[in-house]
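Subject: Structure for you to look at

Hello,

I am handing over the structure we talked about, and my notes on its cavities and salt bridges follow below it. Please keep it open while you read.

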Amino acid sequence: MTAFALGVLSSILATMILLAAGWVRSSRPRWWLVGLLSRLTGTGVRRVYRRQRSAEEDIGRDLARARWVKVLSGRGNTLTRDVFAPLWSGSVGGVESVQILLPDPDAVPGEWLARRATDLASVDPGFTTELLREQIRANTAYLARVSSGRRGVELRRFDLPHLYRVIVTDRAAYITFYERHGHGRHSPCLYVSAPGMLYEAALHFFAVTWAGSPPEAPERSRRAHG
């Protein structure tokens with residue numbers, strides 16, 4: 001077995017140990033262990049949250065220190081809650097730009113919204129494709145309203161499978177792996193720091209998706225809000 005293969009296997013093993021340690025109930029000593037393993041593997045993982053909603057307090061702290069923020073979300077509900085409120089109120093003075101990617105509720109090719117709605121309906125019977133579309137439209141209208149007086153806030157729509165939520169700042173990234181049959185708030189979330197392999201992957205994923213997504217048309221925002 002070559003030295004390269006041995007290196008790959010040891011990295012995979014260390015990463016598996018890292019994730020196993022993260023799944024244990026969170027505590028600062030365990031986060032220290034996760035950070036140590038992260039440095040050994042180069043992944044950049046610092047914390048593992050069993051549920052996305054457990055990360056909100058830490059996300060708020062990182063947003064307060066960020067120079068720029070990039071968000072790709074399956075619905076955008078988090079963007080309308082308290083954790084992001086300082087961005088829209090202007091109380092976070094150091095943020096120079098905010099880029100937001102939300103699904104296109106009007107897209108037909110691929111029908112990713114319908115697939116996601118079908119998966120969620122298995123655990124949430126009240127969930128439908130039209131409900132998901134309306135929630136995205138409502139969140140888009142909210143963002144159009146709160147960002148109307150702010151410079152540096154851009155919104156684009158993507159047409160891709162709903163697999164992740166990604167929040168990236170110049171310091172760190174939060175990556176949620178959406179469970180197929182579960183809401184994002186119940187899905188596991190990784191906190192990865194910059195620089196690091198997963199941080200760079202999250203940033204690259206956002207950049208490629210952003211480049212291939214059309215800007216939100218002002219008239220569509222006005223229609224959704226009206």
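The lining of the second largest cavity is made up of 7 nonpolar, 1 polar and 4 charged residues, where Ala, Val, Leu, Ile, Met, Phe, Trp, Tyr, Cys and Pro count as nonpolar, Asp, Glu, Lys and Arg as charged, and the others, Gly among them, as polar. This is a predicted model, in which local features need pLDDT of at least 70 and side-chain atom pairs count only at pLDDT 80 or more, while totals for chains, interfaces and linings use all residues. Residues are numbered from 1 along each chain as its sequence is written, and side-chain values use heavy atoms, with hydrogens and water left out.

A cavity here is a set of points on a 1 Å grid over the protein atoms alone where a 1.4 Å probe fits but cannot get out, and lining residues have an atom within 4 Å of a point. Grid points are joined across faces, edges and corners, and a volume is the space filled by probe spheres set on the points. The second largest cavity holds about 80 Å³ of space, and its lining includes Asp 104, Trp 112, Arg 133 and Phe 158. Helix α5 (residues 112-121) gives the most to this lining, with 3 residues; helices (H or I, at least four residues) and strands (E, at least two) are DSSP runs, numbered from the N terminus.

Arg 133 also takes part in a salt bridge with Glu 130 (3.8 Å, N to O), a salt bridge being a side-chain nitrogen of Lys or Arg within 4 Å of a carboxyl oxygen of Asp or Glu. Both residues lie in helix α6 (residues 129-146), 3 residues apart, which is about one turn of the helix. Arg 133 and Glu 130 belong to a network of salt bridges that also links Asp 104, Asp 106, Glu 134, Arg 137 and Arg 157.

By this rule there are 12 salt bridges. In one of them, Asp 58 in helix α3 (residues 56-65) pairs with Arg 47 in strand β1 (residues 45-49), with the closest N and O atoms 3.0 Å apart. Asp 58 and Arg 47 are both buried, where buried means under 20% relative accessible area, exposed over 50%, and partly exposed in between (1.4 Å probe, protein chains only). Asp 58 also forms a salt bridge with Arg 61, at 2.1 Å between the closest N and O atoms, and Arg 61 is partly exposed, with a relative accessible area of 41%.

Best wishes

Methods:
1 Å grid on protein atoms, 1.4 Å probe; cavity = no way out; pocket = protein on both sides within 12 Å on 5 of 7 lines; lining within 4 Å.
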